[in-house]
Number of protein chains: 2
Amino acid sequence: MVRIWAVTKEDKGMTAEECIKLLREIKDVAFATVDKEGHPQVRIIDVMIAEGEKLYFCTERGKDFYRQLMANEYTAITGMNKEFQMVRLSGPVKKLSDQKMWIDRIFEENPMMNDVYPGESRYISEAFCIEDGWLEFFDLGKVPTYRERFTIGTMKKEEKGFLITEACIGCGTCRDVCPQQCISEGKPYKIQQEHCLHCGLCKEQCPAGAIQRKDG
Amino acid sequence: MVRIWAVTKEDKGMTAEECIKLLREIKDVAFATVDKEGHPQVRIIDVMIAEGEKLYFCTERGKDFYRQLMANEYTAITGMNKEFQMVRLSGPVKKLSDQKMWIDRIFEENPMMNDVYPGESRYISEAFCIEDGWLEFFDLGKVPTYRERFTIGTMKKEEKGFLITEACIGCGTCRDVCPQQCISEGKPYKIQQEHCLHCGLCKEQCPAGAIQRKDG
């Protein structure tokens with residue numbers, strides 16, 4: 001069975017700002033860090049403020065999360081809403097100056113924080129910002145799936161996924177094996193990047209070795 | 001205002017097996033890895049099978065996630081349900097032998113996988129297991145919050161959080177500042193570990209320097 005997907009105008013694009021806003025709406029998202037052994041760690045915390053293309057969060061000085069942020073200075077965030085729309089954001093974290101102002105603002109915009117850290121105890125929290133980073137929007141609730149990448153701040157764009165080169169012999173194997181049917185005929189054949197799952201099956205099956213990773 | 005929490009019989013404990021089962025019920029959970037630059041990465045994927053204290057998942061050979069697992073061999077997982085109960089699991093990943101059997105079983109127990117990877121394309125996926133690791137259950141939906149730690153398989157237990165030592169002078173500062181009111185009088189004063197947020201405020205405020213991190 002060959003499924004043919006129509007790419008319609010409804011596949012409207014997202015913006016980086018809309019992705020950051022979506023993370024704030026999801027609110028409880030996963031924050032990953034690297035621990036002192038070089039292993040991944042992850043926990044769910046709240047996105048406290050989204051402002052333009054900047055995302056703000058906080059954590060407490062006693063936590064492993066805080067120690068890992070201070071040591072490695074990078075985090076990666078992901079969340080998914082009920083419609084199976086996912087956002088991923090990764091990049092360096094910046095500890096904010098004027099901590100008192102930011103913590104007060106975070107508690108004002110997220111009043112339930114007062115139930116967890118009442119009164120003066122709020123100042124055990126410290127506020128951080130992500131303003132440079134890589135963003136990915138992935139919509140698994142749509143057929144076909146839809147993917148889009150962005151950068152925020154000064155972050156350099158990184159290409160992901162696969163590319164069919166001029167070495168393509170036009171045999172159609174890639175098109176036939178693609179689980180999302182997102183490869184179209186041509187010279188060379190072409191991957192519809194916004195619908196690609198990055199599974200790599202086309203690359204494995206290409207008899208001409210004509211398919212490459214974009215990031216080597 | 002001093003809030004006094006009653007610890008009742010309703011604070012029933014969890015088991016490691018129940019935590020793994022909870023991750024399977026949540027199903028869409030965050031998997032963190034470390035990339036080749038030593039930075040954290042995270043994405044949401046499905047927990048495919050939970051069996052006793054083992055958790056199974058899969059990913060495709062073309063994905064960065066796959067490359068990161070093969071290079072670093074560790075992952076950290078977290079998910080939260082609608083009742084604000086969270087589970088964290090971290091540890092080494094084991095690529096399974098007899099891949100065909102495992103992929104077929106995963107697709108049988110998770111039939112929606114056939115919509116994403118129809119027919120033979122399923123074999124671009126590879127199955128992994130976590131059978132040794134650290135687990136944490138954290139219930140933010142309860143007042144007071146409730147926390148419990150476990151290990152699975154051969155993983156050595158690690159102590160987290162804070163401890164009040166014999167250097168305690170009994171002044172009560174820690175009890176007064178604790179945002180969760182989970183420190184009780186005594187010689188020395190004592191932290192109710194299952195309700196502790198690990199914020200570290202007690203340690204910062206103790207005038208006798210009597211409070212230590214359990215993990216140094």
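1. Let's start with the aromatic pairs: over all chains, this predicted model holds 14 of them. Rings of Phe, Tyr and Trp (its six-membered ring) pair if their centres lie within 6.5 Å; planes under 30 degrees apart count as stacked, over 60 as edge-to-face and the rest as tilted. Take A:Phe31 and A:Phe65: their ring centres are 5.9 Å apart and their planes stand at 65 degrees, so this pair is edge-to-face. The two lie 34 residues apart in distant parts of the chain, A:Phe31 in strand β1 (residues 28-34) and A:Phe65 in helix α2 (residues 64-72) of chain A. Helices (H or I, at least four residues) and strands (E, at least two) are DSSP runs, numbered from the N terminus.

2. Now look at chain B, where the rings of B:Phe31 and B:Phe57 have centres 4.7 Å apart and planes at 50 degrees, so the pair is tilted. This pair joins strand β1 (residues 28-34) to strand β4 (residues 54-60) of chain B, 26 residues apart. Both B:Phe31 and B:Phe57 are buried. Back in chain A, one aromatic cluster is formed by A:Phe31, A:Phe57, A:Phe65, A:Tyr66 and A:Phe128.

3. How do the two chains relate? Chain B can be laid on chain A by a turn of 180 degrees and a shift of 0.0 Å along the axis, with an RMSD of 0.0 Å; that is the relation of a two-fold axis. Copies are superposed by least squares on the C-alpha atoms of residues with pLDDT of at least 70 in both.

4. Next, the interface: 51 residues from chain B and 51 residues from chain A take part in the contact (heavy atoms within 4.5 Å). Six salt bridges are found across this interface, a salt bridge being a side-chain nitrogen of Lys or Arg within 4 Å of a carboxyl oxygen of Asp or Glu. The side chains of B:Arg67 and A:Asp215 meet in a salt bridge, at 3.1 Å from N to O.

5. A word on conventions: residues are numbered from 1 along each chain as its sequence is written, and chains are lettered from A in the order in which they are written. Local features need pLDDT of at least 70 and side-chain atom pairs 80 or more, while totals for chains, interfaces and linings use all residues; side-chain values use heavy atoms, leaving out hydrogens and water.

Terms used: Buried means under 20% relative accessible area, exposed over 50%, partly exposed in between (1.4 Å probe, protein chains only).
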